Amino acid sequence: MKLYEPVTLAMPLAKRIGGLILEKGRLPEGDEIREFMREFGLEESCLDRGMAIYRTKFLVVLAFPRGENVVIDVISSSGELSDALEIIAYRDRELGAFVVEILPANDLEYEGNIGIEPIIIDEKTLKPESNPVLGHFEEDEEGLFLVIDRETYERWKSEGDVHTCPVCGGELAWKGEKAYCRDCGYGVRVKG
């Protein structure tokens, strides 16, 4: 998995948080967030009073697990806020659901158009009420691709528009099992 930009961590991390909610029926705790970060290859730099800082060569991550909600900010190590993202996981009492969203951390400077649908999970049945297209990123000679599994692709195809980029909301051009976005430059690849 390649972690060059905030979106390359935000999407697989949101998927992992959603998976834990489906499995355990609750938001992740601090130790579970720490384990997720290790799985993604991030190094813990600081842990103090309900806040943790993680880093890689290209990213800095601030995590604030608070029981009622989890806020994780993903920033380029250069300090640029224009592509910084925030993953927010919370229990929405009005909806009666758990929600995991990926949002621009800085609405004023964000360069992209986040097209990522939130994860919505019914808190009583623990069944997904939304169908976001999430996966992880891999790089090859053709570029950087969001890699999704066959099940995610089939769900996306039956309930959404497979010509809309799940990263930025732009237009995808498909060539076999791969698609290329003309707007953000990321590709989408179906595996499995």
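Searching the whole structure turns up six aromatic pairs. Keep in mind that this is a predicted model.

**Phe145 and Tyr180**
- The ring centres of Phe145 and Tyr180 are 5.6 Å apart, and their planes sit at 70 degrees, so this pair is edge-to-face; the cut-off for that label is over 60 degrees.
- This pair ties together distant parts of the chain: Phe145 belongs to strand β9 (residues 143-149) and Tyr180 to strand β11 (residues 178-181), with the two 35 residues apart.
- Phe145 has 0% relative accessibility, so it counts as buried.
- Tyr180 comes in at 29% relative accessibility, so it counts as partly exposed.

**Trp156 and Trp174**
- For Trp156 and Trp174, the ring centres lie 6.0 Å apart with the planes at 55 degrees, so the pair is called tilted.
- Here too the pair links distant parts of the chain: Trp156 is in helix α3 (residues 150-159), while Trp174 is in strand β10 (residues 172-175), 18 residues apart.
- Trp156 is buried, because its relative accessibility is 7% and the cut-off for buried is under 20%.
- Trp174, with a relative accessible area of 23%, is partly exposed.

**A charge over a ring**
- Back at Phe145, the charged end of Arg189 sits over the ring, 4.4 Å from its centre.

Terms used: Residues numbered from 1 in each chain as written. Predicted model: local features only at pLDDT ≥ 70, side-chain atom pairs only at ≥ 80, totals over all residues. Heavy atoms only, no water. Phe/Tyr/Trp six-rings, centres within 6.5 Å; stacked < 30°, edge-to-face > 60°. Helix = DSSP H or I, 4+ residues; strand = E, 2+ residues; numbered from the N terminus. Buried < 20%, exposed > 50% of the residue type's maximum accessible area, 1.4 Å probe, protein only. Lys NZ or Arg CZ within 6 Å of the ring centre and 35° of its normal.
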